Amino acid sequence: MAVKQLLKLKFFNETFSFDKFFDSLVEGISPPIKIEEYDTAVGGSDTAIESILQFPEAPKFRPLFEGARKEVGDLCLKIDVVLDKLRMDFVAYENKHKESFEELQEGVEDLTENFDRLDSRVASVSETAAEIGDQLKNADFQKKTANETINLVRFMMYFNETSGYVGEEPSLFFDDDRVAEAAAVAQKLRAIAEDSISGVHGVPAHTALNGNGGLEVAAKNLQAYCNELENRLLGKFDAASQKGDLWTMRNCAIILNQFNKGGSVMQRYIASRPMFMDLEVMSKDAHAILGTEEGIAQVDDLMNSLASVYKEIADSVQTEAKTVAVVFPSPDAVMSILVQRVMEQRVNLLIEKIVSKPSLSSPPPMEQGGLLLYLNILSGAYGKTKELANEFQAIGCGELNMEACVESLFKSYLEDYAEFELTSLNQLHKAKTLELKSCPLADISQSRRNSILHPFSPVSPQRRNSAMHSYAPISVSVVEEFVEWNEEAVTRCKLLTLKEPPGILATNMKAIFTCLLDQVSQYVTEGLERAIEALKEAAALRERFMFNSNTNRKVVSAMAVAAEAASSAGESSFRAFMAAIQSATTNMTMLQRFFNASVSQSLLAQEGAHAACCDAIASAIADAENAALRGLQGSLDTVLAEVERLLAAEQKATDYKLLDESLTPEPTTACSSVITFVTRMAEVTNGALDGLNREAFLIQLGYGLYKSLIQNWKRFAFNPSGGLRLKRDVSEYAAFARRFMTPAVDEKFVLFGMMVNVFIVAPESLPTLMEGMLRDVREEALGLIELRDDYKKAKVANILSSMNT
């Protein structure tokens, strides 16, 4: 059976598929298998599957496959032949390419060598050309210099002739179209002549030129020519300026720039400005600020007027700056001169008009504003002038130092500024002190004071006047005013203190703050001292009308009104002192905050200044604290004295000898009065003191109250019902102590409440009580037992003595 030629070499040039090859090989021989029959057989028995898989045509494939195998082998041999041929062709092509590459490489090397020789040649030719160019340039420069020298010699000979010049007159100096060139040549000739005369630059003096001696004549004639030419150009410049011909002005300015660097034309232009020549303009400035002959009283109005005039000046300078930029070749130099002239003439005149320096020995009175008015005007004018200087800086003023310019205008005012500031602060403080002294308190009316001083005994007029007179208490608003003065002074100090010498700002700031510290310290300390004196006066008044349990009842009745008034005065003095303490604390805190916020940082520039101020603050606080401590002791005495007065006046012997034991005990009148009073005082204390100060004061008050109560109760005898009432009083006092005082004070009242049981229990129960809850306070309890109304009758002493045995 012949095998179809199914394999060809071209088949392998494309994608080869074995499945397709096999299908084409067995096409027509292999019977088709239906998918449905196979699926059915798979689901059935093994016999069904074998019947489907039987292949009777299998022997037909053997020769077919053997033929295909032989054909594949033949193709492999053919492919090997083709590969050998391709391999030989590739080797031949590679050898040929290698030979071509080597030939090209040799050609490139030859070409590179040729290019190197060409480059070297070009470089050599370029160098030669450059040398030739330099020689030609030097030759041209030498030629030009020689021609200029020839012309200069000819021009110099022309100007050096004393009689007539033999030869053709140079047209350069007579041609109006060549004025710029003539000016440059004339300036150069004049410089040569002057150097020759002075013997500088190696030119011997009195060098002969054309047999006419030295160049003195030439120098003189050149100077005259330059002056004449400069004047002519200045005249032309002035005429163009009046017409507003900026182009002509610029041409003239450019030429005149060769004469003294244009100084003459700059000065001429600036001097011709209306702001300097027109008297009406300058008088308008003064009138705009000062107004009528009386002038303007308000500093703000004055500064607003000054700012308005400064704005007009700045606008004028701005307008001139635009013209200067167009006309002059060196506008910065012109603007520097213009601005300096404005500052020295117009601005300085305004400053002299509005800032009138007063005398320190006889300063103006406060009714006329005092030194503060002068300082406010000075600082305002200085600030506005600095703002104007900043505007000039923005407009452009060349190399002019505007800060130094402003300081030079105000130098005479700033050199001794600190002395004026300190004197002003002292003047303000003195005026405020007089104001406070002229406003006495009216807390206590004259009739009431007269009632207080009801004459049981003669009272001197001096004592009466002393009691009547009182100054205003410490006020936070007054110290706020002090601080406000100082804050304004600090602001002025930072503005007006000169930059030199170094550290002067810290020195001035320290002096200004020290002034405030002295004022506040004096005010606070004196205020506390006045409050202490009020406490002393109230104490003296209280002593005059004090009575005790042994005082005759008729005398007590007669003294009651005066004693009540004295008591009211004591309470008022206590409240006044606590208010003074509170205000003093607020004021010293305000002082420290101001120091930290506004002064502290500026003092760091000077060694020791900050530490010195901190020490001074600490010393002032210590002085105030010492006065406060003395006053607090007086306040404590006042409260306890009133407690003793209330107890003496309102505590009755019958309070603790109740007959009806069935009644629920109520607090005694004295207890209610005392608690009402000390509650008021404790509330005042809580509002005035804080922290440890409040705690310490209330502790002392609690101990003193406890001691006064014990002394008061020792005057009475107690039956069981009275003991219950005393226990109720003690519980009320303990509740008060718990509300305002520390646990230590509360514990004392609680312990005393336990000891009160010695009045309540039966005599035979006392030993058990003493050995029980009162073991730790036995001695105190024994003292109280003696106050029992049945102490002798029930033979309590014997009962207690049997307890000891």
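**Exercise 1. Which residues of H22 and H24 meet, and how do the two helices run relative to each other?**

Step 1: start with the pairing. In H22, Ala-670, Cys-671, Val-674, Ile-675, Val-678, Thr-679, Ala-682, Glu-683 and Asn-686 meet Asp-729, Glu-732, Tyr-733, Phe-736, Arg-739 and Phe-740 in H24. Contact here means heavy atoms within 4.5 Å. Helices are DSSP runs of H or I with at least four residues, strands are E runs of at least two, and both are numbered from the N terminus.

A word on the source: this is a predicted model, in which local features need pLDDT of at least 70, side-chain atom pairs count only at pLDDT 80 or more, and totals for chains, interfaces and linings use all residues. Residues are numbered from 1 along each chain as its sequence is written, and side-chain values use heavy atoms, with hydrogens and water left out.

Step 2: turn to the axes, which are lines fitted to C-alpha atoms over the stretch in contact, with angles from 0 to 180 degrees between N-to-C directions. Those of H22 and H24 come within 10 Å and cross at roughly 5 degrees.

Step 3: classify the angle. Under 35 degrees counts as roughly parallel, over 145 as roughly antiparallel, 65 to 115 as roughly perpendicular and the rest as oblique. H22 and H24 are therefore roughly parallel to each other.

**Exercise 2. What span does H24 reach, and which helices do its buried residues pack against?**

Step 1: H24 covers residues 720-740, 21 residues in total, and reaches 30 Å from its first C-alpha to its last. The expected span is 1.5 Å times one less than the number of residues, and the value for H24 is close to the expected 30 Å.

Step 2: list the buried residues, where buried means under 20% relative accessible area, exposed over 50% and partly exposed in between, with a 1.4 Å probe and protein chains only. Among those in H24 are Arg-725, Leu-726, Asp-729, Tyr-733 and Phe-736.

Step 3: the buried residues of H24 pack against H21 (609-650), H22 (669-688), H23 (691-713) and H25 (743-755).

**Exercise 3. Is Lys-357 buried or partly exposed, and what does Lys-357 touch?**

Step 1: Lys-357 is found in the loop between H12 (331-354) and H13. At 34% relative accessibility, Lys-357 counts as partly exposed.

Step 2: leaving out residues up to four places away in sequence, Lys-357 touches Tyr-374, Ser-412, Tyr-413, Asp-416 and Phe-420.

Step 3: look for polar contacts, pairs of N or O atoms within 3.5 Å; within protein, one must be able to donate a hydrogen and the other to accept it, and residues adjacent in sequence count only if both atoms are side-chain atoms. The side chains of Lys-357 and Asp-416 are joined by one of 3.0 Å. A polar atom of the Lys-357 side chain also lies 2.7 Å from the backbone oxygen of Ser-412.

**Exercise 4. Is Ser-379 buried or exposed, and which residues does Ser-379 touch?**

Step 1: Ser-379 is found in H13, residues 370-395. With 13% relative accessibility, Ser-379 counts as buried.

Step 2: not counting residues up to four places away in sequence, Ser-379 touches Arg-492, Leu-495 and Leu-496.

Step 3: a polar atom of the Ser-379 side chain lies 3.1 Å from the backbone oxygen of Asn-376.

**Exercise 5. How many helices and strands does the protein have?**

Solution: there are 28 helices and 0 strands. Of the 805 residues, 37% are buried.
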